[in-house]
Each structure stands twice: as structure tokens, then as C-alpha cells.
Amino acid sequence: MKRLYKTLGIVAILIAGLAMAFVFLGLFVDEVEYTASTSVEAPVAETWATFMDEDRTSEWLTGFLHVEQISGSPGEIGARYRMHFADDVIVEETVTEIVPLERYGFDLKTDFFTGSTTVEFVEVAGVTEIDQTVSIRGTSFVWRALLPVFKSMMASQATAMLDSLGMLVEMNPTAVEIAAPESTQPVLDENTAPEN
């Protein structure tokens with residue numbers, strides 16, 4: 001019987017310790033930051049074009065169903081989107097930065113957390129490095145406590161999604177629009193006839 005009481009006492013101490021750790025996380029951890037990265041065997045123009053192609057997002061972003069525009073113009077700073085994912089998860093995105101072929105930044109908001117994300121693209125010798133930095137804060141005490149626990153899992157998921165984007169780019173990138181070269185032919189004034 002003494003052994004049972006001793007075991008129950010140890011279990012109670014462990015539970016109390018876990019509860020205190022949970023309270024500590026909820027009170028003192030304001031923000032969680034994590035990073036993800038991948039290398040893509042493709043030029044940055046193809047990588048960027050595929051990343052920005054809303055029609056293909058479901059091909060690499062896990063659980064993505066569709067996006068609706070709330071306000072602003074597509075591809076511009078300040079544009080707001082509502083992204084729908086499986087299991088009725090909705091993420092609102094507000095574009096905060098666009099530097100074509102280099103950087104895309106946005107603020108995000110869900111029922112569980114708010115935060116910001118920056119995705120950077122750097123090409124070196126035909127290989128594009130994608131680096132993503134995410135900073136999030138729980139919207140409630142419980143979520144502020146849970147996010148540090150889930151941090152490594154979220155980082156792994158973000159890396160897996162970037163890897164999926166990389167594979168998509170390498171196998172079937174979105175076509176890159178190439179501007180037609182300017183004509184080298186002289187422009188004739190309507191009053192000027194060509195000499196024979």
C-alpha cells in the first residue's frame with residue numbers, strides 16, 4: 001500500500017510540475033519564432049513565379065483549398081486574402097512586402113495565433129535558396145503556452161512545404177513571362193519616306 005501511495009505522490013508531483021510549466025509558458029512566452037529553408041535546382045525567376053502562382057498553391061501548400069481576395073489588388077502591398085484550408089482552418093493574410101524575385105512578406109491571423117512571415121529568395125549559380133522566417137503569438141493564454149511546445153513540429157511542416165514547392169519548381173515550374181526585346185528597326189516619321 002505504501003508503494004501505491006508513493007507512486008501516486010510521484011505522479012501528482014509530475015502533473016503539478018507540468019501544470020506549472022504550462023502556466024509559465026502561457027505567462028512568459030510572448031512570441032515564438034522559427035525558420036525553414038530549402039534549395040531549389042532552378043533559377044529564381046521560375047521559383048518566384050511558381051511561388052506567386054495562386055492557381056498552383058494547392059500543389060505544394062498542405063491542406064490548402066482556395067483563396068478569396070478581401071481587399072486591395074493582387075500582387076500589391078496591403079492586399080488582404082482569406083485562405084481556406086482543410087478542417088475548416090481559415091488564415092487571413094495581409095501583404096506587407098514584395099520585392100520581386102527577392103522577398104515576400106505578410107502578416108497572418110487565425111483564431112489561434114497572429115504573426116508575420118518573410119520568405120526570401122537568393123539565387124547562386126542557378127540554384128535558388130528559399131528561407132522563411134515565421135514569428136507568431138498565441139491569441140489566448142492556452143495558445144501562448146502551446147505554441148512553444150509545437151514549435152519544432154511547425155518548423156518541420158514549413159520545411160516540408162518548401163521542399164514540396166522546390167520539387168514542383170524542378171519538375172514543372174510556372175512559365176516565366178519574358179519581355180519581348182525592343183525593335184532595332186528605326187521608326188519612320190509619317191512625313192519621311194524611305195530613300196530608294
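Arg 103 is partly exposed, with a relative accessible area of 23%. Here buried means under 20% relative accessible area, exposed over 50%, and partly exposed in between (1.4 Å probe, protein chains only). Arg 103 lies in strand E5 (residues 103-109) and Glu 120 in strand E6 (residues 113-124), so this pair ties together parts that are 17 residues apart in sequence. The two side chains meet in a salt bridge, at 3.6 Å from N to O. A salt bridge is a side-chain nitrogen of Lys or Arg within 4 Å of a carboxyl oxygen of Asp or Glu. Glu 120 is partly exposed, at 34% relative accessibility.

The model is predicted: local features need pLDDT of at least 70, side-chain atom pairs count only at pLDDT 80 or more, and totals for chains, interfaces and linings use all residues. Residues are numbered from 1 along each chain as its sequence is written, and side-chain values use heavy atoms, with hydrogens and water left out.

Arg 103 also meets Glu 97 in a salt bridge, with 2.7 Å from N to O. Glu 97 counts as partly exposed, at 25% relative accessibility. Side chains of opposite charge can pair when their charged atoms come close. The salt bridge count comes to six. Arg 56 and Glu 59 form one of them, their closest N and O atoms being 3.0 Å apart. Arg 56 counts as buried at 10% relative accessibility. Glu 59, in contrast, is partly exposed at 44%.

The chain as a whole has three helices and seven strands. Helices (H or I, at least four residues) and strands (E, at least two) are DSSP runs, numbered from the N terminus. From that terminus on, the elements run α-β-α-β-β-β-β-β-β-α. Of the 196 residues in the chain, 31% are buried. The accessible surface comes to about 12800 Å², and carbon and sulfur atoms account for 58% of it. Accessible areas come from the Shrake-Rupley method with a 1.4 Å probe; for residues, only the protein chains shown count as cover. Contact means heavy atoms within 4.5 Å. Among contacts with a separation of 6 or more, 48% join residues 24 or more positions apart.

Helix H3 covers residues 141-171. At 1.5 Å a residue, its 31 residues should span 45 Å, and its end C-alpha atoms are 43 Å apart, which agrees. The expected span is 1.5 Å times one less than the number of residues. H3 bends by about 55 degrees at Phe 150. The bend at a residue is the angle between axes fitted to the seven residues ending there and the seven starting there. Phe 150 is partly exposed, with a relative accessible area of 30%. Val 149, Phe 150 and Met 153 make a nonpolar surface patch of about 260 Å². Patches are made of residues with over 30% relative accessible area and no salt bridge; like charges are joined within 9 Å, and nonpolar side chains (Val, Leu, Ile, Met, Phe, Trp, Tyr) within 5 Å. Other residues of H3 are buried, including Arg 144, Met 154, Leu 165, Leu 168 and Val 169.Three of these buried residues, Leu 165, Leu 168 and Val 169, are in contact with Thr 50. Thr 50 is found in helix H2 (residues 44-52). At 0% relative accessibility, Thr 50 counts as buried. Beyond its neighbours within four places in sequence, Thr 50 also contacts Arg 56, Trp 60, Pro 173 and Thr 174.

Val 91 lies in strand E4 (residues 89-99). Val 91 is buried, with a relative accessible area of 15%. Leaving aside neighbours within four places in sequence, the contacts of Val 91 include Tyr 81, Met 83, Phe 85, Leu 108 and Lys 109.

Two loop residues have a positive phi. Most residues other than glycine have a negative phi. Leu 101 has a phi of about 70 degrees and is not a glycine. Leu 101 sits in the loop between E4 and E5 and counts as partly exposed at 37% relative accessibility. Phi of Ala 125 is near 50 degrees, again a positive value. Ala 125 sits in the loop between E6 and strand E7 (127-138). Ala 125 is exposed, with a relative accessible area of 81%.
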